[in-house]
Amino acid sequence: MSVPVLLIDDDRQLLRATAQTLDLAGFTVSPLGSAAEALERLDKDFAGVVVSDIRMPAMDGIQLFARIRALDAEIPVILVTGHGDIATAVKAIQEGVYDFIAKPFPAERLIQCVQRAAEKRSLVLENRRLRENARQAEDDFPLIGQTPAMDRLRQTLRQIADTDVDVLVTGETGSGKEVVARLLHGWSRRAKGNFVALNCGALPEQVIESELFGHEPGAFTGAQKKRIGRIEHSSGGTLFLDELESMPLSTQIQMLRVLELREVTPLGTNEVRPVDIRIVAAAKVDLADPAQRRAFREDLYYRLNVVSLTIPPLRERREDIPLLFSYFAERAARRFQRTTPGLSAEILRHLREHDWPGNVRELSHFAERTVLGMTTTALAPQSPAAGTGGGGSLPERLERLEAEIIRDTLSAHDGNVQETIAALGIPRKTFYDKLQRHGIVRREFSAAGEKPSSSKPGP
């Protein structure tokens with residue numbers, strides 16, 4: 001879509017010639033003979049540029065600019081000046097006019113000026129649109145996205161939320177699997193019950209059984225008092241099992257019985273307790289694929305796979321990335337009591353070109369760093385083959401690229417040192433040396449600062 005330009009000049013011959021110049025450059029030009037005509041066509045959603053002569057009868061260019069500024073201070077206005085108006089135009093720039101062009105001027109000078117002004121206006125409107133969508137998303141849907149895949153996912157969640165059916169959610173790290181689980185809980189009649197989350201990969205095998213099933217005093221060494229397990233605590237609500245593929249084999253066998261009979265037997269007792277639970281399980285791998293399923297029991301997979309949902313990674317729904325960034329930036333600005341940053345051309349390029357291996361979690365961390373002013377250095381592209389950007393000598397550009405790769409990898413792994421070192425393929429000492437050299441603070445990428453789950457494991 002070509003950029004609209006309102007061109008105002010009371011000199012009809014000059015107006016016609018300038019309009020032809022801009023029209024040939026690909027702009028949609030509206031030649032107007034007075035400032036009053038221009039004001040009739042302007043509103044805060046105007047997506048183009050205003051080019052006006054200064055000296056005009058009734059209302060001059062300076063007065064027109066003042067009226068436009070009152071309507072929307074971010075509509076770019078370019079003033080065309082005669083030799084005697086330059087001082088006036090300079091003062092107008094200090095007050096917010098985008099630029100001025102002195103007569104006579106080469107056609108290319110005007111075209112370039114209008115192009116730059118149009119790019120700025122486009123970014124302004126994009127920022128406004130994203131902020132508004134982010135506010136609506138925060139009110140309406142925690143699962144943010146406007147792509148068809150996300151629309152279908154939200155529609156499916158609405159359809160199955162109140163059915164009590166067990167659900168298996170598949171998605172890459174950081175893609176929002178717990179968000180899906182919380183939506184299923186919040187949109188169901190179980191919303192008044194507990195939402196209980198357990199990461200199966202975060203607990204050792206000797207602990208997870210007690211966490212899930214609970215225990216009686218004396219059930220094992222150190223069991224001094226009764227403990228209600230996560231399964232029983234979630235009765236009447238929803239049990240979310242994250243990283244299901246990491247569940248120990250012995251626990252899988254017990255979970256199969258829980259799923260089939262809806263009952264639990266705590267450690268240290270023969271008492272069987274009925275439970276009213278809905279299970280939402282999440283996995284980072286495709287459990288339908290035997291090669292990825294590995295030691296995970298096939299019968300447990302089929303028992304859980306009543307309804308299967310897949311969350312697409314960010315790289316497969318790139319249209320949602322600017323909206324998500326805007327949402328996270330707004331949230332971070334409130335949290336850190338900072339001003340929400342605008343979506344600059346450099347940040348927009350990074351959002352569109354980066355692969356986001358850590359998905360939504362990585363993007364959230366990037367938005368927080370942006371709000372804190374920690375992305376002022378040139379943002380590196382995906383690989384050295386794509387260029388390093390930012391200028392400077394080759395060593396300087398490689399340094400910037402290395403620092404950004406380390407930051408992205410830390411974000412993708414929630415600041416986990418062991419996982420980050422493994423992904424980077426470098427020794428631990430080298431890793432810490434590079435953190436110090438680049439001024440990277442590892443704890444700023446840790447998930448420990450995220451909002452904790454509202455659920456508790458029970459007494």
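Residues are numbered from 1 along each chain as its sequence is written. In this predicted model local features need pLDDT of at least 70, side-chain atom pairs count only at pLDDT 80 or more, totals for chains, interfaces and linings use all residues, and side-chain values use heavy atoms, with hydrogens and water left out.

Reader: In what order do the five strands form the open sheet?
Author: Strands (E, at least two residues) and helices (H or I, at least four residues) are DSSP runs, numbered from the N terminus. Two strands pair if DSSP finds at least two bridges between them. The pairing is parallel, and the order is β2-β1-β3-β4-β5.

Reader: Why is one side of β2 and of β5 left without a neighbour in the sheet?
Author: The sheet is open. β2 (28-32) and β5 (99-102) each have a single partner strand, so one side of each lacks a neighbour, which is to say that both stand at the edges.

Reader: What angle does the direction of α1 make with that of β2?
Author: Axes are lines fitted to C-alpha atoms, for helices over the stretch in contact, and angles run from 0 to 180 degrees between N-to-C directions. Contact means heavy atoms within 4.5 Å. α1 packs on the sheet and touches β1 and β2; the angle with β2 is about 170°.

Reader: At what angle to β5 does helix α4 run?
Author: Helix α4 covers residues 86-94 and lies across β4 and β5. Its angle to β5 is about 165°.

Reader: What volume does the largest cavity have?
Author: On a 1 Å grid over the protein atoms alone, a cavity is a set of points where a 1.4 Å probe fits but cannot get out, and a pocket is an open set with protein on both sides within 12 Å along at least five of seven lines; lining residues have an atom within 4 Å of a point. Grid points are joined across faces, edges and corners, and a volume is the space filled by probe spheres set on the points. There are three cavities of 30 Å³ or more, and the volume of the largest is about 80 Å³.

Reader: Which elements give two or more residues to the lining of the largest cavity?
Author: Among the lining residues are Leu7, Leu14, Val51 and Phe105. The elements are β1 (4-8), α1 (12-24) and β3 (49-53).

Reader: Which element gives the most to the lining of the second largest cavity?
Author: This cavity has a volume of about 60 Å³, and its lining includes Asn127, Arg131, Phe325 and Leu343. Two or more residues come from each of α5 (107-140) and α13 (321-336). With four residues, the one that gives the most is α13.

Reader: How many charged residues are in the lining of the second largest pocket?
Author: Ala, Val, Leu, Ile, Met, Phe, Trp, Tyr, Cys and Pro count as nonpolar, Asp, Glu, Lys and Arg as charged, and the others, Gly among them, as polar. The pocket, of about 160 Å³, is lined by Lys44, Asp45, Leu125, Glu126, Arg128 and Arg129. One is nonpolar and none is polar; the charged residues number five.
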